[in-house]
Amino acid sequence: MVPGVPLPPEIQLAQRLAGNEQVTRDRAVRKLRKYIMARTQRTAGGFTPDELLKIWKGLFYCMWMQDKPLQQEELGRTISQLIHAFQTTEAQHLFLRAFWQTMIREWVGIDRLRLDKFYMLMRMVLSESLKAVKTQGWEERQIEQLLELLTTEVLNPDSQAPNGVKSHFLEIFLEELTKVGAAELTADQNLQFIDPFCQIAAHTKDSLVLNKITRSIFETIVEQAPLAIEDLLNELDTQSGEGDASDGEEESSEGEQDLQDTPPRRLPAGSRHKADPETDKDQVWDDEENAGPVLQFDYEAVANRLFKLASRQSTPSQNRKRLYKVIQKLRDLAGGTFPDDEVPEKAYKKLLEGRRERKKKKKKRLPTLQPQSKTGESETEASSTDPSPQIKRKRSRRDEKAGQRGPPGKRRRRPGVRAKGAGVQQAARKRKRPLQREK
């Protein structure tokens, strides 16, 4: 650099973003957001890919320097929401492309202690990118551009993405799509979202990518089928309930007056305390049952799309076998056969009931302390009277050692024991003498 020439603003921001002090980094993030909004509002002004790569390098090390978990989450949310500061879709896609290129380039140097924060950053950036498409009304063109960007940068063999980036991206894609668009997306739009993964699964030669796509995408769709149909039934019930509610409003107005006149009943205190733990358990299970909306799919359409791709001659045999198994499951779902062989709306509830019963059995199987009984004391006495062969061997060894040392008279004994033994011998002699006189 020529002395006296100021550095470009991208490099200055990158240096401040990677500073040692947290105050400097926070100020740099706020200035970066304002700089992005001011520059992208211009018609002629915009960012080049090299400039965005420099900015993302500074953001990467800004996340690297953050240690506390709560501040890591806050910083990751702030960084991921920078995508909404760009005023055009092209600038947003350039920003996302620079992010994935930075993660692929720097992934090898991340130690295991810092992996979790960058896993979280990847999840947040993916979620915000899907929200950016949501603000555009889920336009077909916007969906295609985003999917093309993600597949070329992460799953394309030419991108040289590490296995950690590929596997984590495939694990979180369907989860984040469910969180962002499960309540709005239709079955056709969901098929459009998973179509690139169908194409990659049909022709990829990477076993890791094939396994992750089948497990995290296709098998997840099969596992969530009872929940998806349950959501449809609930929607139908709510629609029919709205019609019935309008008819019953007149009857309910008359009943409300009667309820206002009657005083409320009071339960005794003991009954309240007894019912509390059961109600708490039921509330926990109800929260698990109401886990949120699930993505809706046309299983027959997904099966036909996979079969069209898997039946090509260019498809490897390993991929064809794996996809045919998924196709069979999807066709079973389309025909009304569910993986749990239960009624759709009751399948998940029965699974939860089975978990409850297992928990109750585990509580019953807890070990209890058994008090010592007379039988136990008799067993201990029997064991003491009938020594084991090992104890007999030890005693025989002691007797042998005692014989080697000499006669028992030469042993050293305590004075109390010697006097006691002498007194016992004299008493025995006194008892024997009168018996001899009688004879």
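Guide: Helices (H or I, at least four residues) and strands (E, at least two) are DSSP runs, numbered from the N terminus. This is a predicted model, in which local features need pLDDT of at least 70 and side-chain atom pairs count only at pLDDT 80 or more, while totals for chains, interfaces and linings use all residues. Residues are numbered from 1 along each chain as its sequence is written, and side-chain values use heavy atoms, with hydrogens and water left out.

Visitor: Which helix holds the place of His 93?

Guide: His 93 is buried (under 20% relative accessible area; exposed is over 50%, partly exposed in between; 1.4 Å probe, protein chains only), at 15%. Leaving aside neighbours within four places in sequence, His 93 is in contact (heavy atoms within 4.5 Å) with Gln 145, Leu 146 and Leu 149. The place of His 93 is in helix H5.

Visitor: Which helix gives the most to the lining of the largest cavity?

Guide: A cavity is a set of points on a 1 Å grid over the protein atoms alone where a 1.4 Å probe fits but cannot get out, and lining residues have an atom within 4 Å of a point. The lining includes His 93, Leu 96, Ser 129 and Leu 146. H5, H6 and helix H7 (140-155) each supply at least two lining residues. With four residues, the most comes from H5.

Visitor: What is the volume of the largest cavity?

Guide: Searching the whole structure finds one cavity of 30 Å³ or more. Grid points are joined across faces, edges and corners, and a volume is the space filled by probe spheres set on the points. For the largest cavity that comes to about 70 Å³.

Visitor: What separation do the C-alpha atoms of Thr 178 and Gln 296 have?

Guide: Thr 178 lies in helix H8 (residues 163-181) and is buried, at 17% relative accessible area. Beyond neighbours within four places in sequence, Thr 178 is in contact with Pro 293, Val 294 and Leu 295. Gln 296 is 118 residues from Thr 178 along the chain, yet their C-alpha atoms are separated by 9.7 Å.

Visitor: How many disulfides does the count come to?

Guide: Cys 62 counts as buried at 1% relative accessibility, and Cys 198 is also buried, with a relative accessible area of 1%. A disulfide is taken as a pair of cysteine sulfur atoms within 2.5 Å. By this rule the number of disulfides is zero.

Definitions and conventions. 1 Å grid on protein atoms, 1.4 Å probe; cavity = no way out; pocket = protein on both sides within 12 Å on 5 of 7 lines; lining within 4 Å.
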